[in-house]
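Work through the exercises below with the model open. Try each task before reading its solution.

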Amino acid sequence: MAPLPTLLILLCAVRGALLYHPIWKPMWPASKVPVVLPQLTEDLDAPEFTAEAKLEVTSPCGPECHKRASVPSYEELKELLSYETLYFNGSLTQTNVGIYGLNVAELARTQGTKGRSRAKRQIYGHDSRFSIFGKEFLLNYPFSTSVKVSTGCTGTLVADRHVLTAAHCIHDGKSYVKGAKKLKVGFLKPRQKEESSNQTRSHLPEKMKFQWIRVKRTHVPKGWIKGNANDIGMDYDYALLELKKPHKRRYMKIGVSPTAKQLPTGRIHFSGYDNDRWGNLVYRFCEVQEETYDLLYQQCDAQPGASGSGVYVRMWKREHRRWERRIIGIFSGHQWVERDGMPQDFNVAVRITPLKYAQICYWIKGNYADCRDG
């Protein structure tokens, strides 16, 4: 990919200055969203918080493996979408769910186009990531929706006190990670300038720091907890954090993931706190290479620390008569598989399917009637 001027990239990201045909507009597709409701909640033993936080997950199950998998039954889906809730005082509950308005027979694995063979790495050719500097960008939408999770991952603001991130940032599939006991979310804000620094360093970008808010409770689906990425792939690698107080920033709504062919120019976007650029917010975009019903496979350049980032696109919302950015997935991390006898790698995002949308939306709003528009 040829390098583009940074200013042009930022204008495209912040103002949405993408050059579409004046008549054709990529529209958010209408989605039939089922209902996911809690049925029974029971107390569990307090977790031990013994796992080490891992900033990336691996899985031997690649696109073809996922496409060959059988469609889950209704009972299996209820088990996968049941969830645990971890509270700030260390208590833990499990909630079983009911699913309504879903025709399991209609569930089909999306058959994506075959990806290209690539070397085993997380940076593909020229590093196309862009570090975002300056409070005029960092403190404004959409970059201001990206936050730091204290276990080392990234999250995205999806409501006035909710953050969407990857489940593996909280739980390794068998146990909660050590940092989940006192989980916090960090928001970038300018450092207080000293007068001397104003006089001698006015030409430098203003330094930023994190302001932290404690997490009140965390929801993780049993589809992740019942195993881990090595057993079930990354299909349920998502979690929702509820903060103790509102963050007072603009947030980005979630949406049902369109197919790769429906995406504007086939591209996705996300920003995260990659570990190799410590303290910097890093933005990138790239084309989706392949997809399954639950996952998007792409070659966006990324490093550990970016996992949990909200993957978003900007499309026209006909009902509202305006352009809207929505989170359609959660960046899970790096994956490599043996394919046709050759090692091949991907960076993978978990798609927000209609069922996942119904679940996450209910976690946010607590009312299924507000969750029918995906």
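A contact means heavy atoms within 4.5 Å. The model is predicted: local features need pLDDT of at least 70, side-chain atom pairs count only at pLDDT 80 or more, and totals for chains, interfaces and linings use all residues. Residues are numbered from 1 along each chain as its sequence is written, and side-chain values use heavy atoms, with hydrogens and water left out.

**Exercise 1. Describe the chain as a whole.**

Step 1. Take contacts in the protein chain between residues at least 6 apart in sequence: 75% join residues at least 24 apart.

Step 2. Count the elements. The protein chain has eight helices and 16 strands. These are DSSP runs numbered from the N terminus, with helices (H or I) of at least four residues and strands (E) of at least two.

Step 3. Check burial. Buried means under 20% relative accessible area, exposed over 50%, and partly exposed in between, with a 1.4 Å probe and protein chains only. Of the 374 residues in the protein chain, 56% are buried.

**Exercise 2. Explain why the buried residues of helix H3 share a side.**

Step 1. H3 spans residues 74-81, and Leu 77, Leu 80 and Leu 81 are buried in it.

Step 2. They cover an arc of only 90° around the axis, which puts them on the same side of H3. The arc is that of the directions from the helix axis to the C-beta atoms.

Step 3. List the partners. The buried residues of H3 pack against several elements, including strand S1 (35-44), strand S3 (92-100) and H8.

**Exercise 3. Classify the ring pairs in the cluster of Tyr 83, Tyr 236, Tyr 238 and Trp 363.**

Step 1. Set the rule. Rings of Phe, Tyr and Trp (its six-membered ring) pair if their centres lie within 6.5 Å; planes under 30 degrees apart count as stacked, over 60 as edge-to-face and the rest as tilted. The count comes to 10 aromatic pairs.

Step 2. Tyr 83 and Trp 363 are edge-to-face, at 5.2 Å centre to centre and 75° between the planes. This pair links strand S2 to helix H8, across 280 residues.

Step 3. The ring centres of Tyr 236 and Tyr 238 are 6.4 Å apart with planes at 40°, so that pair is tilted.

Step 4. Check burial. Relative accessible area is 8% for Tyr 83, 6% for Trp 363, 9% for Tyr 236 and 0% for Tyr 238.

**Exercise 4. Locate the backbone features in loops.**

Step 1. Tyr 141 and Pro 142 are joined by a cis peptide bond, with omega about 5°. Pro 142 lies in the loop between helix H4 (135-138) and strand S5 (146-149).

Step 2. Thr 265 is not a glycine, yet has a positive phi of about 55°. It is exposed, at 54% relative accessible area.

Step 3. Arg 321 also has a positive phi of about 55°. Arg 321 is exposed at 68% relative accessibility.
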